[in-house]
Amino acid sequence: MAKKKSAQKSAGSIKLQPLGDRLVVEREEAEEVTAGGIVLPDAAQDKPCRGTVVSVGDGRLLDDGTRSEIQVKVGDRVLFSSYAGEQFKIEDRELLLMREDDVLAVIE
């Protein structure tokens, strides 16, 4: 059986273990200043479409009863579509719960 992977920020933090082919991603911070030096208010900032994988599930269940291995791992920086996943907040961290299919690429 595959070893479960999840992240824990501190001893008192909540551990999240997504199910199946889902993963939890922490979105990167939005740029607050443009290249020309203009400071952007929160309402004008675009939400970045990249982040860091916090935890991953066991993989998608295949027709033969086995599980396919998830291609990303904890700590990977990834690109995803702007409407990917469900956003939620835990302990002042904004996280996204998304399917592996929502990930477009791994940043190396």
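**Salt bridges and strands, one why at a time**

Tutor: Let's start with a pair of side chains: E28 and R77 make a salt bridge, and their closest N and O atoms are 2.8 Å apart. Keep in mind that this is a predicted model.

Student: Why is the pair E28 and R77 called a salt bridge?

Tutor: Set the value against the cut-off. The N and O atoms of E28 and R77 come to 2.8 Å, and a salt bridge needs an Arg or Lys nitrogen within 4 Å of an Asp or Glu carboxyl oxygen, so the pair qualifies.

Student: And what makes E28 and R77 a tie between separate parts of the chain?

Tutor: Look at where they sit: E28 is in the loop between strand 1 and strand 2, while R77 belongs to strand 3 (residues 77-80), so the pair ties together parts 49 residues apart in sequence.

Student: Is R77 buried, exposed or partly exposed?

Tutor: Its relative accessible area is 36%. Buried means under 20% and exposed means over 50%, so R77 lands in between and counts as partly exposed.

Student: What makes E28, R50 and R77 one network?

Tutor: Shared partners: salt bridges join the three residues. Besides the bridge from E28 to R77, E28 also meets R50, at 2.7 Å from N to O. R50 is in strand 2 (residues 50-56), 22 residues away from E28 in the loop between strand 1 and strand 2. R50 has a relative accessible area of 30%, so it is partly exposed.

Student: How many salt bridges does a search of the whole structure find?

Tutor: Five. Another one of them joins R99 and D21, with their closest N and O atoms 2.7 Å apart.

Student: How do you know whether D21 and R99 are buried, exposed or partly exposed?

Tutor: Compare each value with the cut-offs. D21 has 8%, which is under 20%, so D21 is buried. R99 has 36%, between the 20% and 50% limits, so R99 is partly exposed.

Student: What is the order of the strands in the sheet?

Tutor: Six strands form an open sheet in the order 4-5-1-2-3-6, with antiparallel pairing.

Student: Why are strand 4 (86-90) and strand 6 called edge strands?

Tutor: Each of them pairs on one side only. On average, neighbouring strands of this sheet are turned by 40° against each other, direction ignored.

Student: How do you know that strand 2 pairs with strand 1 and with strand 3?

Tutor: Count the bridges. Strand 1 and strand 2 have five, and strand 2 and strand 3 have three. Pairing takes at least two bridges, so both pairs pass. Among the residues involved, G51 of strand 2 faces R27, and G51 also stands opposite V78 in strand 3. T52 has R77 of strand 3 as its bridge partner.

Student: Why is strand 2 said to be largely enclosed?

Tutor: Five of its seven residues are buried, so the rest of the structure largely encloses it. Take S55, which lies in strand 2: its relative accessible area is 1%, under the 20% limit, so S55 is buried.

Student: What makes S55 and L16 a polar contact?

Tutor: A polar atom of the S55 side chain and the backbone oxygen of L16 are 3.1 Å apart.

Student: Which residues does I107 touch?

Tutor: Leaving out residues up to four places away in sequence, I107 touches R50, R77, V78 and L79. I107 lies in strand 6 (residues 103-107). At 27%, I107 falls between 20% and 50%, so I107 is partly exposed.

Student: Which elements give two or more residues to the largest nonpolar core?

Tutor: First, the core itself: it has twelve residues, including L23, V53, V78 and M98. Strand 1, strand 2, strand 3 and strand 5 are the elements that contribute two or more.

Definitions and conventions
Residues are numbered from 1 along each chain as its sequence is written. This is a predicted model: local features need pLDDT of at least 70, side-chain atom pairs count only at pLDDT 80 or more; totals for chains, interfaces and linings use all residues. Side-chain values use heavy atoms; hydrogens and water are left out. Buried means under 20% relative accessible area, exposed over 50%, partly exposed in between (1.4 Å probe, protein chains only). Helices (H or I, at least four residues) and strands (E, at least two) are DSSP runs, numbered from the N terminus. Contact means heavy atoms within 4.5 Å. Axes are lines fitted to C-alpha atoms, for helices over the stretch in contact, and angles run from 0 to 180 degrees between N-to-C directions. A nonpolar core is a set of buried Ala, Val, Leu, Ile, Met, Phe, Trp, Tyr and Cys residues joined through side-chain atoms within 4.5 Å. A polar contact is a pair of N or O atoms within 3.5 Å; within protein, one must be able to donate a hydrogen and the other to accept it, and residues adjacent in sequence count only if both atoms are side-chain atoms.
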